[in-house]
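This report describes selected helices and backbone features of one structure, with the cut-offs behind each term. The sequence and coordinates come next.

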Amino acid sequence: MENNVIISVENVAKSFPGVQALKGVSFKIRRGTTHCIIGENGAGKSTLMKILSGVQTATSGNIVVDGETVVFHNPAEALEFGVGTVYQELSNYQQLDVAHNMYCGMLPIKHGMLDWKKLHADTRKVLDEFGLTHVSPTDMMVSLSLGAQQMIEIAKLLIREARIVILDEPTSALTSVEVERLFELISTLKEKGVTVLFISHKLDEVKYLADDVTVLKDGQHVVTVENTEELTESQMIRYMVGRDVAYDYQAGTSEAGEVLMEVENMCYGGKTVQDFSFKLHRGEVIGISGLEGSGRTELFECIVGWKKKTSGTVKMNGKVCEIRNTTDASRCKIGYMTKERKHLGLFLSMSVQENISAAATERLSKKGIVQYSDRIKNANVFVDKMSIKISGLAQRVMNLSGGNQQKVLLGMWLSNEPDVLLIDEPTRGVDVGAKREIHVLIREAVKQGKGVVLISSEMPELMASCDRILVMHEGKLKGELKLGEYSEEKIMSLAYSNMQQVG
């Protein structure tokens, strides 16, 4: 193996019952680089990373690390060889403190007892090295931000002398400040000779970070581009999907009708949501923009009864709705797609059919008895309509790609026939091709007279899909921008500043 190559993927294939996830993938990863792996959902990225990290084994082909052909049977074996992974869904011990998480399995012992002084001193040193000066070794993990938890996960790998660090969608739930800290850390890791494999759907991040980029499509290797200075986002998209994909989600193509939902003076948690009011018309998509922590998600959760509002009213078709929980919201014809699809949205161990029908149990029952033939028919309608790629209705949702999981979640709520759908981060962790498909489905729903309110952290997505954009700042409505008035500068100036409401 060439001296500057640390990993060689050689004709790797992986098959599951009815699915060929990887088809003879081959490429090389240079030592001490940030190597980004991109591709649409279902392209094989996660499967390949699981093989590299010991979660799965290849059906055929070889993985060569530092000149040695390896087969890892579990993540512990991979880490012993210097390959560590930080997953999108963090795998720490939430009810233990930082020190025990960081040194789990290698706690310092003195005279047969835990050496608390050394444990805390060693942890303090590592925290300071990672810029986590505000974190104490005795802080419980559950009390920390996702960004801090992620840094600690990376620190754990480096303590165990990982030479190769795999980061799977590491920025999907981070604030802009936390993302900046992570990028600084990646730069530091490279300086120390650590190789970083970075999997992301955010092509601006890939462009910023990548030394080299590998593109996978339908389980096959498309291209590996070294020294990516001249590689553009448009080129990456063409490699991924085989065509140009623009942010054009048909904003303004639906005819707005009468007022469908009114939210009046919604308040929650002191300053979390403050006197927030808006009206949603039939046939309209409203976007809500704002920084992480501006109160966007809490606003949705108050509307549907997940959180108990301090004050405020919700009206549907001019009538006040008493909403204490999601069942009340559902009966008022309001659906809510959470951004936490894996934890709060989907039943991962259940089938596609069971998930799609879950929110419509009452509609698909007669005299309190579930009509299974109706559930199967309902699920088939949405699988066909949404082009959800599955081996069958009995396939478990946990085994679907992120884009197909998101389509299942959208199908779950549309199958309940809501008049209003609240969607928090509609395309989080979804590739560019699936993003378009999801927004086409949303636009079809509003053309049928529904109303949609969506939150997105991606301003191009908001501007391409929404008929109006409301901007939140510290729990308040800071501005409303109509179609044709949008620009990233206007949205950000409202999100960051104390400017007065416009529009």
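## Basis of the model

This is a predicted model, in which local features need pLDDT of at least 70 and side-chain atom pairs count only at pLDDT 80 or more, while totals for chains, interfaces and linings use all residues. Residues are numbered from 1 along each chain as its sequence is written, and side-chain values use heavy atoms, with hydrogens and water left out.

## Helix 13

Helices (H or I, at least four residues) and strands (E, at least two) are DSSP runs, numbered from the N terminus.

Arg375, Asn378, Ala379, Phe382, Val383 and Met386 of helix 13 are buried, where buried means under 20% relative accessible area, exposed over 50% and partly exposed in between (1.4 Å probe, protein chains only). Seen down the axis of helix 13, these buried residues fall within an arc of 130 degrees, so they line one face of the helix; the arc is that of the directions from the helix axis to the C-beta atoms. They pack against helix 12 (352-358), strand 20 (369-370), helix 14 and helix 15, whereas the face turned away from the buried side carries the exposed residues Ser373, Lys377 and Asp384.

## Helices 14 and 15

Helix 14 (residues 402-414) and helix 15 (residues 432-447) pack at an angle of about 10 degrees, with their axes 10 Å apart. That angle makes helix 14 roughly parallel to helix 15, a label given to angles under 35 degrees. The contact (heavy atoms within 4.5 Å) involves Gly403, Gln406, Lys407, Leu410 and Leu414 of helix 14, together with Ala434, Glu437, Ile438, Leu441 and Ala445 of helix 15.

## Positive phi values

Most residues other than glycine have a negative phi. Asp275, in strand 14 (residues 273-281), has a positive phi of about 45 degrees although it is not a glycine, and at 51% relative accessibility Asp275 counts as exposed.

Glu474, which lies in the loop between strand 23 (468-473) and strand 24 (476-482), has a positive phi near 50 degrees and counts as exposed at 54% relative accessibility. Ser387, which follows helix 13, also has a positive phi, near 50 degrees.

Conventions. Axes fitted to C-alpha atoms, helices over the stretch in contact; angles between N-to-C directions. Parallel < 35°, antiparallel > 145°, perpendicular 65-115°, else oblique.
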